[in-house]
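Here are some notes to read alongside the structure. Please keep the sequence and the 3D view open while going through them.

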Number of protein chains: 2
Amino acid sequence: MSSQPNHPTLLIPGPIEFDDAVLHSMSHYSESHVGAPFVATFGETLSMLRKLFQTTDPSSQPFVISGSGTLGWDLVAANLAEPGDDVLVLHTGYFADSFADCFETYGAKATQLKAPIGSRPQLPEIEKALKEKKYKLLTVTHVDTSTGVLSELKALSELVHRVSPETLVIVDGVCSVGCEEIEFDKWQLDGVITASQKAIGCPAGLSISMFSGRAVKTFQARKTPPGSYFASFKNWLPIMQNYEAKKASYFATPSPQLIHALHTSLTQILSKPLAERFATHKATSQKIKKAVTDLGLKQLASDPADQANGMTAIYLPETVKAPELLPNLLKKGVIFAGGLHKEIAAKYIRFGHMGVSVTDSKRDDIDRAIQALQNGLSEAGYQKA
Amino acid sequence: MSSQPNHPTLLIPGPIEFDDAVLHSMSHYSESHVGAPFVATFGETLSMLRKLFQTTDPSSQPFVISGSGTLGWDLVAANLAEPGDDVLVLHTGYFADSFADCFETYGAKATQLKAPIGSRPQLPEIEKALKEKKYKLLTVTHVDTSTGVLSELKALSELVHRVSPETLVIVDGVCSVGCEEIEFDKWQLDGVITASQKAIGCPAGLSISMFSGRAVKTFQARKTPPGSYFASFKNWLPIMQNYEAKKASYFATPSPQLIHALHTSLTQILSKPLAERFATHKATSQKIKKAVTDLGLKQLASDPADQANGMTAIYLPETVKAPELLPNLLKKGVIFAGGLHKEIAAKYIRFGHMGVSVTDSKRDDIDRAIQALQNGLSEAGYQKA
């Protein structure tokens with residue numbers, strides 16, 4: 001039984017529904033950010049992130065900083081790129097445009113490789129681009145929250161390491177870490193940035209990231225100082241290393257309550273094999289996608305290989321309008337999200353299926369949501385052709 | 001009766017002890033960051049901040065962004081200063097050095113006006129400095145958390161407006177907003193940045209600030225784009241304006257739980273006249289400072305006019321060492337902080353007295369802390385000379 005008051009089930013692609021124990025940790029009594037009990041909690045949290053990202057290389061560096069997922073872009077753009085550096089941004093939706101904006105803010109030159117909506121740049125085009133110019137970084141949105149398009153990281157990283165081995169491989173994993181497989185070491189990734197409120201299952205307010213030893217060395221070899229103060233590796237690197245070594249350290253005050261909640265959610269996630277977690281998300285996603293297809297609806301991501309396992313972006317029938325359907329779904333107790341990709345925002349909705357709504361067998365969130373969608377469409381006069 | 005488990009009382013200059021209702025709000029069930037219920041909560045929170053800062057000028061602009069207090073420096077340095085601009089930083093401790101660092105990161109030229117430890121730059125020196133060079137901004141740390149030195153804002157702002165009327169007056173109010181009087185409009189301030197975890201009484205994780213219409217216009221008149229992405233007014237201004245108008249808006253995902261907690265703490269603070277709150281903090285501070293003097297101890301801030309009302313920085317007797325005294329105080333159930341000013345860190349301790357520990361008459365935190373300090377010093381062999 002949940003101790004949370006009765007409320008509509010939040011099934012947007014983040015924030016997601018949270019476990020009772022995680023929310024309970026949010027109300028932890030006040031602690032000193034440099035006192036031994038909290039330092040131990042923060043240190044353990046950083047160590048657990050290594051397991052979540054599947055890295056055992058001691059030169060990998062986790063960061064947890066108060067902020068939104070967006071702050072991760074600043075971490076990358078202000079520390080790993082220098083003014084004038086070329087950066088290749090693979091575009092699968094709204095979030096590549098913003099990441100490119102962020103690079104431009106710090107003086108890097110972002111080249112976007114775009115694909116039609118619902119698709120992703122293909123390896124041969126990426127290879128061609130990498131051969132045409134020397135890129136300091138390549139960025140890929142693992143799952144674009146605006147389109148539900150999943151990128152394939154393993155083959156991509158192999159390609160980059162083969163064609164342009166000095167290029168750092170940076171992953172925007174905001175909508176993927178915790179529900180999509182990520183093998184940080186094996187896939188030779190250099191940076192994965194994410195946030196707390198999606199598949200990691202902790203309330204919003206934390207920027208979470210992992211960088212490779214190679215990325216840290218790239219930072220250390222900078223000719224210019226980092227472009228940001230609050231997002232500076234120079235300021236945060238010793239702090240993160242100290243906390244993980246259980247030594248008090250201060251640059252800016254962390255949020256003990258959010259760190260406790262993250263500690264709780266990571267403990268829950270790591271109590272079972274990660275492979276099992278990813279398989280559960282995949283199976284649930286398949287079930288949802290089948291239900292969508294059975295309703296005669298199409299997804300933005302048309303190729304099953306490009307479909308995310310933690311969310312589904314669904315084109316509405318032409319006769320059904322999101323501003324009418326979504327409030328009706330809310331009446332049925334489920335909250336879906338509207339479209340976010342500006343070119344087609346009114347034409348689709350997004351269904352998030354991450355975390356406890358998927359993994360907690362005592363919950364019936366997903367079945368209720370599918371049922372609500374079926375009924376909502378039917379009440380809007382839609383019938384499968 | 002508190003619903004928080006028995007724990008040592010946190011009396012450092014932030015984070016502080018939190019009220020039960022505030023901590024309860026931290027575990028609010030998950031909500032969409034763009035759904036009507038949360039949008040209303042966030043909008044009300046922004047409007048309440050206007051009351052806390054005592055501004056009724058509709059051109060004033062509140063911001064609440066996921067981050068630490070430190071992020072406020074980036075907001076100022078990346079939006080209100082442009083590369084090459086001169087900035088005058090009044091130095092009363094550790095935090096002016098860091099703010100100056102932040103300005104340099106974004107290309108502004110920071111000139112620090114320093115004072116001996118425990119004191120603050122005097123008006124005649126400041127007037128002289130303002131006449132020597134044209135400064136785009138002047139910054140002052142209202143209360144420096146490292147020294148407990150309180151700056152006088154009203155006379156300072158009058159001076160700036162008289163001598164250098166185009167210079168923006170920016171206040172670092174991280175350790176003052178909520179316990180020291182601040183009249184944003186009357187004192188003609190242009191920016192006050194703060195954080196959630198001190199006298200505002202909400203867990204850490206939020207950067208909170210108020211900027212004048214004049215500051216916003218200064219931003220809008222920039223010749224260069226803002227130097228930060230995550231801390232960019234360009235990205236946040238429309239978002240804050242939309243939330244306050246109760247319209248959903250998206251740049252980066254806010255933390256609904258932290259915003260709920262802030263809403264609760266602001267509702268509590270504003271339920272009584274602010275003048276009463278400031279008077280209570282002052283009276284408690286006087287009592288603590290008298291106890292410190294009665295013990296024969298000196299404060300870093302030697303002039304009573306320079307002493308903060310929400311914290312006290314106390315020189316230890318030469319025979320008493322902080323690494324022995326502080327753990328003994330912890331055994332007695334109270335947590336004080338060590339020194340932070342690098343030149344004299346080992347020689348003093350800090351006692352924070354803000355928020356519910358001061359205003360909640362059902363708590364005996366302050367009396368217990370004074371008693372613990374007396375006993376702790378005595379057990380360390382100290383006797384008043």
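1. The model is predicted, and local features are taken only where pLDDT is at least 70. Please keep this in mind for each point.

2. Start with the interface. Here 53 residues of chain B are in contact with 54 residues of chain A. The size of an interface is often given as the accessible area lost when the parts come together. Chain B and chain A bury about 3,900 Å² between them, and 65% of this area is on carbon and sulfur atoms. On the chain B side, Tyr29(B), Ser30(B) and Tyr229(B) lose the most area to chain A, together 18% of what that side buries.

3. What holds for charged and polar pairs across this interface? The count of salt bridges between chain B and chain A is 0, while 16 residue pairs are in polar contact, both residues being at pLDDT 80 or more. Helix 1 (20–26), helix 3 (71–79), helix 4 (94–105) and helix 9 (256–270) of chain B each supply at least two residues of the side that touches chain A. Helix 4 of chain B gives the largest share, 6 residues. By class, this side of chain B has 27 nonpolar, 22 polar and 4 charged residues.

4. Next, look at helix 11 (residues 322–331) of chain A. Its buried residues are Ala322(A), Leu325(A), Leu326(A), Asn328(A) and Leu329(A). Helix 11 of chain A is followed by Gly333(A), which has a positive phi near 95°.

5. In chain A it runs from Gly14(A) to Pro15(A), with omega near -5°, and Pro15(A) lies in the loop between strand 1 (9–10) and helix 1 (20–26). In chain B the bond from Gly14(B) to Pro15(B) is cis, with omega near -5°. Pro15(B) lies in the loop between strand 1 (9–10) and helix 1 of chain B.

6. Gln54(A) has a positive phi of about 60° and sits in the loop between helix 2 (36–52) and strand 2 (61–66) of chain A. Lys246(A) has a positive phi near 65°, and its place is the loop between helix 8 (233–244) and helix 9 (256–270) of chain A. Gln54(A) is partly exposed at 25% relative accessibility, and Lys246(A) is partly exposed at 44%.

7. Lys131(A) is exposed at 59% relative accessibility, whereas Glu127(A) is buried at 18%. Elsewhere in chain A, Glu17(A), Arg363(A), Asp364(A), Asp365(A) and Arg368(A) are linked in a network of salt bridges.

Notes
Residues numbered from 1 in each chain as written. Chains lettered and ligands numbered in written order. Predicted model: local features only at pLDDT ≥ 70, side-chain atom pairs only at ≥ 80, totals over all residues. Heavy atoms only, no water. Buried < 20%, exposed > 50% of the residue type's maximum accessible area, 1.4 Å probe, protein only. Helix = DSSP H or I, 4+ residues; strand = E, 2+ residues; numbered from the N terminus. Contact = heavy atoms within 4.5 Å. Buried area = accessible area lost by both parts, 1.4 Å probe. Salt bridge = Lys/Arg side-chain N within 4 Å of Asp/Glu carboxyl O. Polar contact = N/O pair within 3.5 Å; in protein donor to acceptor, adjacent residues only side chain to side chain. Nonpolar A, V, L, I, M, F, W, Y, C, P; charged D, E, K, R; others polar.
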